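Dear colleague,

Please find below the structure that I am handing over to you.

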Amino acid sequence: MRESGAGRQQWVLPVVLVAVVVTAAAGLLARELYGPDQADTTPAASAVAPTGVSLPPSAQPGPPDVRGTADAVAHPLYEPVRQLLQTHFDAINGRNYARWVTTVTEARARTMPEKEWRKQYGTTKDGSVVVHRIETTAGDTAVVLLTFVSTQDPAQAPPELPVACIRWNVVYPLTRADDRTWLLDLTRTAATPQHVAC
């Protein structure tokens, strides 16, 4: 029995060593084969924007560029949605009503004539815009969950939160205008945006 056990130990060790070497080699080969492709599909570090939470008051509302989480960036609609939101927020920050109108449906534009728009957004600056999720819904519609920070004159802030800096958590409905163009639609009454002071 002893000899049989010793004989078994003599061949088990080389087999285990060979298995370890083959596994390590396979891992290195897989990294060589799949590493570059995986790196190409991983969102760049700049894809995710700071939320504005850790920014000092003087740095609010944060960067003006629209970014996304890894989940949002992976969605096939991310790039057209990002471009739409970038134009939308740039229009608000630049006080450009004509440009803002190009980002919304006619129904939404009718609810916000230029005079009212300028009254509401006259001192607003938006930043730290992060797309967290995009979901397609029935027909030619979708919804986008995003957060952003706005700064404004407290007199132009929402009546229930008259402060100079607000963090928003909103769901925007989207409607397809044509094969490639999406527009921000009227927000459903039930979809009240969450907002807190910075």
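In this predicted model, Arg176 stands opposite Trp182, a residue of strand β5. The two strands concerned, β4 and β5 (residues 182–184), run antiparallel and are joined by three bridges. Together β4 and β5 make a hairpin, with five residues between them.

For orientation, the protein has six helices and six strands. Along the sequence they follow the pattern α-β-α-α-α-α-α-β-β-β-β-β. The protein has 198 residues, of which 32% count as buried.

The disulfide

A search of the whole structure finds one disulfide. It is formed by Cys165 and Cys198, whose sulfur atoms are 2.0 Å apart. The link between Cys165 and Cys198 is left-handed, with -70 degrees about the S-S bond. It connects distant parts of the chain, 33 residues apart: Cys165 belongs to strand β4 (residues 165–176), while Cys198 is in the segment after β6 (194–197). The two cysteines can also be described by their accessibility. Cys165 counts as buried because its relative accessibility is 14%, under the cut-off of 20%. Cys198, at 39%, counts as partly exposed, since this value lies between the limits of 20% and 50%.

The aromatic residues

The structure holds six aromatic pairs. One of them is Tyr97 with Trp100, a stacked pair at 5.7 Å centre to centre and with 25 degrees between the planes. Tyr97 and Trp100 are three residues apart in helix α4 (residues 97–101), and therefore about one helical turn separates them. In general, an α-helix has 3.6 residues a turn, so residues three or four places apart point the same way. Both Tyr97 and Trp100 are buried.

Trp100 has a second ring partner, Trp117: the ring centres are 5.9 Å apart and the planes stand at 45 degrees, so this pair is tilted. Because Trp100 lies in helix α4 and Trp117 in helix α6 (residues 114–121), the pair ties together parts that are 17 residues apart in sequence. Trp117 is buried, as is Trp100. Ring pairs extend this arrangement into a cluster made of Tyr97, Trp100, Trp117 and Tyr121.

A charged group is also found at an aromatic ring. Arg108 lies over the face of Tyr172, at 5.6 Å from the ring centre.

Which residues have the most contacts inside the largest nonpolar core? They are Leu85, Val144 and Tyr172, in a core of 33 residues. The elements that give two or more residues to this core are the helices α3, α4 and α6 and the strands β2 (125–136), β3, β4 and β5. Helix α3 provides the largest share of the core, with seven residues.

Helix α3 (residues 78–93) has 16 residues, which should span 22 Å at 1.5 Å a residue; the C-alpha atoms at its ends are 22 Å apart, so the two values agree. The buried residues of α3 are Tyr78, Val81, Leu84, Leu85, Gln86, His88, Phe89, Ala91, Ile92 and Asn93. After α3 comes Arg95, which has a positive phi, near 55 degrees.

Val131 has its place in strand β2. Is Val131 buried or exposed? With a relative accessible area of 0%, Val131 is buried. Val131 and Asp71 are 60 residues apart in sequence, and their C-alpha atoms are 9.1 Å apart in space.

Yours sincerely

Definitions and conventions. Residues are numbered from 1 along each chain as its sequence is written. This is a predicted model: local features need pLDDT of at least 70, side-chain atom pairs count only at pLDDT 80 or more; totals for chains, interfaces and linings use all residues. Side-chain values use heavy atoms; hydrogens and water are left out. Rings of Phe, Tyr and Trp (its six-membered ring) pair if their centres lie within 6.5 Å; planes under 30 degrees apart count as stacked, over 60 as edge-to-face and the rest as tilted. Helices (H or I, at least four residues) and strands (E, at least two) are DSSP runs, numbered from the N terminus. Buried means under 20% relative accessible area, exposed over 50%, partly exposed in between (1.4 Å probe, protein chains only). A charge sits over a ring if NZ of Lys or CZ of Arg is within 6 Å of the ring centre and within 35 degrees of the ring normal. A disulfide is a pair of cysteine sulfur atoms within 2.5 Å. The expected span of a helix is 1.5 Å times one less than its number of residues. Two strands pair if DSSP finds at least two bridges between them. A nonpolar core is a set of buried Ala, Val, Leu, Ile, Met, Phe, Trp, Tyr and Cys residues joined through side-chain atoms within 4.5 Å.
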